[in-house]
2 protein chains.
Amino acid sequence: MDVRTLCLGALYLGEASGYEIKKAFEEGPFSHFQDASFGSIYPALGRLSNEGLVDCTQMAQEKRPDKKVYRLTEKGSLVLIESLMTPPAPDKVTSDFFFLLYFSDLLPPRQTRQLIDKRIAFYQDTIKRMSDCDPSTFPLGQQLCHGLGMTIYKSSLDYLEQHKHAFPGEASSLPPLSNSKTSGRLVS
Amino acid sequence: MDVRTLCLGALYLGEASGYEIKKAFEEGPFSHFQDASFGSIYPALGRLSNEGLVDCTQMAQEKRPDKKVYRLTEKGSLVLIESLMTPPAPDKVTSDFFFLLYFSDLLPPRQTRQLIDKRIAFYQDTIKRMSDCDPSTFPLGQQLCHGLGMTIYKSSLDYLEQHKHAFPGEASSLPPLSNSKTSGRLVS
DNA sequence: CCGTCATATATCGGCTTGATATATGACGGA
DNA sequence: TCCGTCATATATCAAGCCGATATATGACGG
């Protein structure tokens, strides 16, 4: 999905400012499967406004800078639905964690263990934050997103907790793993 | 990780051409957690070659166009390890599937069911392809990547198979779900 | 008083992507 | 036999995106 559609989707949930839309991608329900930067959100909102897909209202605030509040128009709703009807692109996952784990034979074992411990903490924190949210009043699709997300995070957490001992911890006196290079080509 | 590091990592596994490196990201072990396009791979290989981090050899082929084979240099190995030592960036996940599922109250229920069915097929196919690979001879980190990946795909598959019935299938005579709009703002 | 953080909008250089271009050869259908 | 499609192979570029930067108000803690 391009940033225009992401913004339309965010505004479908309720009127919001550019800053709030960014927060929705960083901390809100979308944070697990979409992202967008200020560098693309503000220009996209400008274009959407010019095309009549969103309305923009300037709002003064106390003790805070003024803000621009965007609201989806009827035309914008139709364009959002149209975008949802297009065939989905494949997922794109970029994970430094997996990349580092994959090449961890090049790293000191304690650094790999630290990497895994931090990942475990990340899963624990994410699961807690998602558990604090009760999705039973949400639309069905959102419930499935929540449930599938929880399943992914929980099974990942369980797996890492079961397998983290393969790498030595801080207090461990295990000898470092031997660094052996992988043989063979990339693609058979 | 930037594309230079991705290429160095790919070449750490063995010499390869630009085309083969792209294949490694599309179909090889990295395909689950990294990607890069020709548009960035070829320029990156050029720069790496200029900087002496990789060597390049032109190879003629029968019944196929000539190819340039790249090989990691000692200097390149050191730069790769250096990059692996830097703190990892957070994962970035972009999923049209989750986005469409989230807004599925805007879609005809059968289209959502089709989306889920296709996702199930994707998981089944991915699990099969990963099962055909025996990771027991790999470095420990690669084994954990394989195992964690399998866990994620399997638990996702199980969850969707258990919950797909919430949406009507092709043969179902269930009435369409009511389209109710979500209330409230994005971020509490 | 100053540095940091949150809130708020906005821009831009650099990087990446997806499309396009060119080329060889295999393969299947008309 | 010809043509379209696919795989293999290198390469480039316009468009889009990101991360950094800029500016601003106010709270808060040292």
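How many residue pairs are in polar contact across the interface of chain A and chain B? The rule finds 21, with both residues at pLDDT 80 or more. A polar contact is a pair of N or O atoms within 3.5 Å; within protein, one must be able to donate a hydrogen and the other to accept it, and residues adjacent in sequence count only if both atoms are side-chain atoms.

This is a predicted model: local features need pLDDT of at least 70, side-chain atom pairs count only at pLDDT 80 or more, and totals for chains, interfaces and linings use all residues. Residues are numbered from 1 along each chain as its sequence is written, chains are lettered from A and ligands numbered from 1 in the order in which they are written, and side-chain values use heavy atoms, leaving out hydrogens and water.

**View 1. Chain A meets chain B.** In chain A, 74 residues are in contact (heavy atoms within 4.5 Å) with 74 residues of chain B. The copies meet through the same surface, because 100% of the interface residues of chain A are also interface residues in chain B. The buried area is about 7700 Å², and carbon and sulfur atoms give 69% of it. Buried area is the accessible area (1.4 Å probe) that two parts lose on being put together, summed over both.

**View 2. A salt bridge joins Arg119(A) and Asp91(B).** Their side chains meet at 2.5 Å, N to O. The count between the two chains is two salt bridges. The term means a side-chain nitrogen of Lys or Arg within 4 Å of a carboxyl oxygen of Asp or Glu.

**View 3. The rotation axis.** A rotation of 180° with 0.0 Å of shift along its axis superposes chain A on chain B, with an RMSD of 0.0 Å. That is the relation of a two-fold axis. Within chain A, Val93(A) comes closest to the axis, its C-alpha at 2.3 Å.

**View 4. The surface around DNA strand D.**

**View 5. Phosphate oxygens of DNA strand D.** A polar side-chain atom of Gln61(B) lies 2.3 Å from one phosphate oxygen. For an N or O atom in the side chain of Tyr42(B), the distance to a phosphate oxygen is 2.8 Å. Val3(A) uses a polar backbone atom, 3.3 Å from a phosphate oxygen.

Definitions and conventions
Copies are superposed by least squares on the C-alpha atoms of residues with pLDDT of at least 70 in both.
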